[in-house]
Amino acid sequence: MAYEVLARKWRPQQFSDVLGQEHVSRTLTNAIEAKRVAHAYLFVGPRGTGKTSTARIMAKALNCEKGPTPTPCDACTTCREIMAGGSLDVIEIDGASNNGVEQVRDLRESVHYAPARAPHKIYIIDEVHMLSTQAFNALLKTLEEPPKHVKFIFATTEPQKVPATILSRCQRFDLRRIPLREIVAQLRRIAEDEQVEIDEAALLAIARGAEGGMRDAESALDQLISFRGKRIDESDVLAVFGIVSWSALEELVDAILRGDVAAAIRAASEMDEQGKDLQRLVVELIGQFRNLLIALHAPEAVEKMDLTEAQAEGLRVRSKEISAGRVLRVVDILTDLDSRMRQALSRRTLLETALIRCARAASMVTIDELIRQVAELRAALAEGSGMPAIQGGRTTQARVVEPQAADVEPPHATEPSAPAAAPGTPPLQVAERPVAPTPTSRNNEEETRYLLSHWREFTERVGAYASLVKGYLLDARPVSVVGDVVTIGFDPEFGENASKIDTLRNRNAIQKMLGTMLNRGARVDFVVLEQTAGHVPLPADHIVTPPERSRAERSAADMSGARAAEGSGQASSEYKGEKESRTLQEWLHEPAVSRVIDAFNGDIEDIRD
Ligand SMILES: [Zn+2]
């Protein structure tokens with residue numbers, strides 16, 4: 001007996017045999033039973049999903065000697081002729097090769113002849129979108145007034161290329177990709193019938209490679225049987241399809257998740273050298289990360305995935321160790337890569353750079369995680385774990401941390417010596433209000449003073465972490481320290497900066513530096529000061545405040561006033577600096593820019609056109 005390829009041997013002969021298209025089969029069956037068959041059908045769907053097979057079954061159903069019937073007999077002459085492709089009344093036209101106007105003219109003439117034997121003359125035009133415009137126009141005339149005995153069945157993978165005038169005259173059916181598990185089940189039936197030994201992983205790999213097309217899956221099995229004989233395993237399948245093994249995919253996913261750039265790059269280069277399809281690899285990687293997200297959010301859905309038990313288990317284990325935010329970032333990068341790769345010449349380079357970005361994104365802390373950490377930190381501080389340091393260890397620590405400030409009175413000094421202001425620097429005007437504060441508030445007061453006299457230094461040091469913040473802080477002053485809350489006040493003229501500066505990242509930078517300078521945990525609060533006092537120049541770094549300074553809240557207004565009165569010599573250079581930073585600030589408040597800065601924990605270093 002002559003060898004028959006599997007795709008032909010296993011071609012569905014009844015509507016019930018068509019895999020994964022029950023919605024189409026059911027509607028057509030009902031139409032035939034109700035004798036409400038349209039004169040033109042359009043089957044749309046990816047290759048190998050059963051369009052042509054369904055069209056042929058339809059032809060048999062209409063022309064079977066025992067029909068019209070939704071279950072053609074497959075035994076009568078007509079049925080057998082149609083199955084063999086030799087029926088005079090079922091004309092199959094390949095739109096790709098017969099796309100000229102002549103062929104359609106022939107068709108237009110032939111439709112008027114009665115069918116030779118069967119009740120209907122059925123035209124099946126495959127890849128109908130390939131017809132030329134003139135051919136479509138010629139066809140349209142026939143479609144508008146078809147003779148009663150004529151039926152058209154069109155099939156296409158690209159319905160958007162079919163003119164609307166044609167579409168509107170057809171009943172359209174969309175055939176879907178066949179679910180993996182249905183392909184696997186069908187392949188298993190075929191393998192048993194062919195007495196081929198093939199394991200589950202190999203069957204799944206064939207189905208993956210066929211991308212929802214049964215014909216491709218059958219052709220691959222055919223090819224594998226002639227290539228390997230009666231025993232087939234996963235590696236044979238991977239070689240035929242150029243796809244990457246599941247375990248290699250898992251290894252790459254793991255490398256990305258642990259941020260191991262070297263391992264990810266190594267895996268990519270191995271796959272490239274083995275001749276794997278890199279575009280394919282990216283699509284499958286996206287699928288892997290998508291599965292992880294599903295396993296994370298809807299663990300019960302893993303059961304329904306097309307996976308072996310071992311694959312499903314691997315997914316469950318991994319999903320417990322991932323953060324959704326990081327995986328989503330990876331998926332974004334890969335999706336972008338997928339579309340860029342389709343036009344790219346050097347796919348490997350694109351793949352490698354994207355893998356680096358993926359590995360970094362996967363190992364980088366997300367904003368959500370940061371917020372959680374900050375909340376935990378706050379809770380820990382509130383519990384008092386950080387408190388002893390505030391009272392006790394500050395003195396020595398402060399000196400260790402700030403050796404350059406050794407010539408400055410430390411903030412804890414009980415009775416600071418007489419004002420030792422730098423020459424030319426007027427002393428601060430302070431309200432006289434000798435009070436006897438509690439030890440804590442006394443410390444807070446000293447801390448306020450200390451911060452005030454070291455404000456420029458403070459802004460410089462914060463600027464080293466977050467350069468943009470410095471621009472804001474130059475127009476602000478420490479107003480008070482109450483408990484662990486340091487309030488920074490903004491002159492009304494720059495009042496909007498109080499809200500601009502208030503981002504999680506800026507708070508972190510400021511609090512970190514406040515913590516270093518005060519040698520204890522500190523939180524920051526931003527307020528706009530009440531009194532308008534124009535631009536506030538900076539104090540010199542080495543001001544030592546008089547001991548009888550009042551509470552900072554009260555002196556805030558005084559401060560503004562005092563500074564306004566202070567030397568205007570600094571103002572011009574100060575203003576220049578501020579102008580520059582204004583541009584930076586504008587950028588900083590661009591939502592996209594601030595998102596990037598937040599995501600990468602970075603700073604704007606340079607602005608270029
Ligand atoms: Zn029949």
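These legends walk you through several close-up views of one predicted model. Residues are numbered from 1 along each chain, following the sequence as written. Because the model is predicted, local features need pLDDT of at least 70 and side-chain atom pairs count only at pLDDT 80 or more, while totals for chains, interfaces and linings use all residues.

View 1. Helices (H or I, at least four residues) and strands (E, at least two) are DSSP runs, numbered from the N terminus. Of the 609 residues in the chain, 34% are buried. A residue is called buried if 20 or more other C-beta atoms lie within 10 Å of its own, exposed if 12 or fewer, and partly exposed in between, with C-beta atoms placed from the backbone. Two residues are in contact if their C-beta atoms, placed from the backbone, lie within 7 Å. Among contacts with a separation of 6 or more, 76% link residues 24 or more positions apart.

**View 2. Helix α3 spans residues 51-63.** From first C-alpha to last, the 13 residues of α3 reach 18 Å, close to the 18 Å expected at 1.5 Å a residue. The expected span is 1.5 Å times one less than the number of residues in the helix. Look around it for its cover, which includes helices α2 (22-33) and α4 (77-84), along with strands β1 (40-44), β2 (90-94), β3 (121-126) and β4 (150-156).

**View 3. Val-18 sits in the loop between α1 (6-9) and α2.** Val-18 counts as buried because it has 23 C-beta neighbours inside 10 Å. Beyond its neighbours within four places in sequence, Val-18 is in contact with Pro-12, Ser-25, Gly-50, Ser-53 and Thr-54. Thr-54, one of the buried residues of α3, is 36 residues from Val-18 in sequence, yet their C-alpha atoms are 7.3 Å apart.

**View 4. Helix α16 (residues 324-341) has 18 residues.** Its buried residues are Arg-326, Val-327, Val-330, Ile-333, Leu-334 and Leu-337. They cover an arc of only 120° around the axis, so they are on the same side of α16; the arc is that of the directions from the helix axis to the C-beta atoms. These buried residues pack against α12 (246-257), α14 (278-297) and α17 (347-363).

**View 5. The largest nonpolar core has 57 residues.** A nonpolar core is a set of buried Ala, Val, Leu, Ile, Met, Phe, Trp, Tyr and Cys residues joined through C-beta atoms within 7 Å. Both domain 2 (180-241) and domain 3 (246-363) give residues to this core, so it lies between them; the domain bounds come from an automatic or database domain assignment. Ile-256 is among the residues with the most contacts inside this core. Setting aside neighbours within four places in sequence, Ile-256 is in contact with Ala-264, Val-330, Leu-355, Cys-358, Ala-359 and Ala-362.

**View 6. Strand β9 (residues 485-490) runs antiparallel to β8 (residues 476-482) and parallel to β10 (residues 523-528).** Two strands pair if DSSP finds at least two bridges between them. Here 6 bridges join β8 to β9, and 6 join β9 to β10. Find Gly-489 in β9: Arg-477 stands opposite it, and its bridge partner in β10 is Val-527. The hairpin of β8 and β9 has 2 residues between the strands, and Gly-483 in the turn has a positive phi of about 60°.
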